[in-house]
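This briefing goes through the structure shown below by topic. Please keep the sequence and the model in view while reading.

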Amino acid sequence: MTSLTALCTLLAVSALLIIISYIAWKGIGSLSFQFLTDSPKPVGEGGGIGNAILGSLVLLLISSVFGLPLGICVGIYLSEVGKGRLAGVVRFIVDTLTGIPSIVTGVFVYAVLVLPMKHFSALAGGVALALIMIPIVARTTEEMLKLVPHSLREGALALGAPQWRMTMGVIIPAAAPGIATGAMLAIARVSGETAPLLFTAFGSRFFTTSLNEPIASLTVQIYNYALSPYDEWHAQAWAATLVLMTLVLGINIMVRFLTRKKF
Amino acid sequence: MFLVALLMVGIVVAMVVALAADSMLSIRQFGFGFLTSQRWNPIQGDFGALPFIYGTVASSLIALLISVPLSMGIAIFLVEQAPYYIARPVGFLVELLAAIPSVVYGLWGIFVLAPFLREYIEPALAKWFGWTPFFRGSITGIGLLTGGIILAIMVTPIISAVVRDVLTAVPGTQREAALALGATKWEMIRVVLVNGAPGIAGAVILGLGRAVGETMAVTMVIGNRPQISFSLFEPSYTIASAIANEFTEATGDLYLSALVELGLILFLVTFVVNGIARVLVWNVTRKTGGVGKAA
């Protein structure tokens, strides 16, 4: 039986290695500096994913500006401030918000932002990503804050600090590395999201940073290229996937490496 | 802080209200029949959710059938059998499967998995099991089976991570008591599994919740045809894929409203499923103060 369970594990790990190595093998051929800085062009003329990388960075920035502070605040509430049944309800809601499919979030933001504004926009895309980010950041923040030893809290209170001062000045700096890694993991997760962006940020073929216009993103670009009938665009999709995977896996591995010493 | 927390509740309420409001047109037009109608006819304005519900349920079921035994094997191996210096890096690698973006799975599915299934696996399945209603029809590599397999790969890290937490939360005294009474190693593991059974059920339901809502990977490999067919080789359509594919192409208010109603159904289903799962998992991991890292 041991060999059976070991076989299961081997299957899963080999699936991961197969996928990663295939992406690396297929994608490395089309990578070049021009590919990373050009905007998309019609089939046969080359082109690149420069605007998609820029667009993804812009969307990540918007979603972090909205999502990180709100998520951290909810985490602080759940860990430090909230007591009793209301906190339990909020925790349950945050937990189930993590499970909501990202496409439903996209539909919600479409109904609430895109329809009144009457056009797709980077802002709507950023808000959709922020809504996905907030529950993740809230949970990891809460867990990191719970790991801070009680003696620190009691010491601060014994020295006469009010609770807000204790939270802001003692607990949060103590948990700051953990909160930062949680934020990084959330950013890595959100940078791989496609579905909500399909009808909020929509996609574009130009270099734009305006909040009021549709914006391209790496994930949507990969999706569009993958479904196209052109081999050249398929090759570009693989190369773009390599870029995306480097970002996402890089953040994940770095976070895991940084949290190693704690255990 | 308190206001921000209230904001969370407000967002969920706003989601339900916005989804319900925008699907009112479709709800008034079709009523309950929306859930049982098989027709999806944008041209004549006749919409029904049954093919999508079937596709979602069928693909998630296939994913769970493949993934649950696999995840149980992985979790048992990593918690009960592997030495620590193997369990940590291998556990990390399995969790890394969850970090891969969905669209990357879809891309890999179209260009690697689908041809592989088309060339080797599906002909073999058709030869050996073609007499059952599940393996009939033309073999294209794109269909319910491919979608189910991709979902299985995506759902396995989640189920195995939660089951690992659940098994770790089972008190060591249970293991020692079983061994002291003369149980073999595998009988002891059975005791541990029975002990953690609610948590394991919660993990499976959590995986189900994730599989139901998965969009991009499924859209790219499931064929996107609204039909109900028992054959696994046939293309199918899930709720999430329908919304992803047709939302920006929807002409007319009724079409859009029908799609939003699909979104509302998906929202309610995942809300309920995830709620049940969280309750089950909390009850088991709360006993030893285990930090549930499933998300």
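In which helix of chain A is A:C8 found? A:C8 lies in helix α1 of chain A, and the model in which it is placed is a predicted one.

**Residue A:C8**
- A:C8 counts as buried because it has 23 C-beta neighbours inside 10 Å, the cut-off for that class being 20 or more.
- Leaving aside residues up to four places away in sequence, A:C8 touches B:L70, B:G73, B:I74 and B:F77.
- Between A:C8 and A:L145 there are 36 Å from C-alpha to C-alpha, and the two residues stand 137 residues apart in sequence.

**Contact between chains A and B**
- Chain A brings 61 residues to the contact, and chain B brings 60 residues.
- On the side of chain A that touches chain B, at least two residues come from each of several helices, among them α1 (2-27), α3 (50-81), α6 (122-146) and α10 (231-258).
- The helix that gives the most to this side of chain A is α1(A), with 13 residues.
- By residue class, the side of chain A that touches chain B is made up of 44 nonpolar, 13 polar and 4 charged residues.

**Chain B**
- Chain B has 11 helices and 2 strands, and from the N terminus its elements follow the order α-β-β-α-α-α-α-α-α-α-α-α-α.
- Taken along the principal axes, the C-alpha atoms of chain B fill a box of roughly 70 × 60 × 30 Å.
- Chain B has 295 residues, of which 52% count as buried.
- When contacts in chain B between residues at least 6 apart in sequence are considered, 77% of them join residues at least 24 apart.

How values were computed:
Residues are numbered from 1 along each chain as its sequence is written. Chains are lettered from A and ligands numbered from 1 in the order in which they are written. This is a predicted model: local features need pLDDT of at least 70, side-chain atom pairs count only at pLDDT 80 or more; totals for chains, interfaces and linings use all residues. Two residues are in contact if their C-beta atoms, placed from the backbone, lie within 7 Å. Helices (H or I, at least four residues) and strands (E, at least two) are DSSP runs, numbered from the N terminus. Ala, Val, Leu, Ile, Met, Phe, Trp, Tyr, Cys and Pro count as nonpolar, Asp, Glu, Lys and Arg as charged, and the others, Gly among them, as polar. A residue is buried if 20 or more other C-beta atoms lie within 10 Å of its own, exposed if 12 or fewer, and partly exposed in between; C-beta atoms are placed from the backbone.
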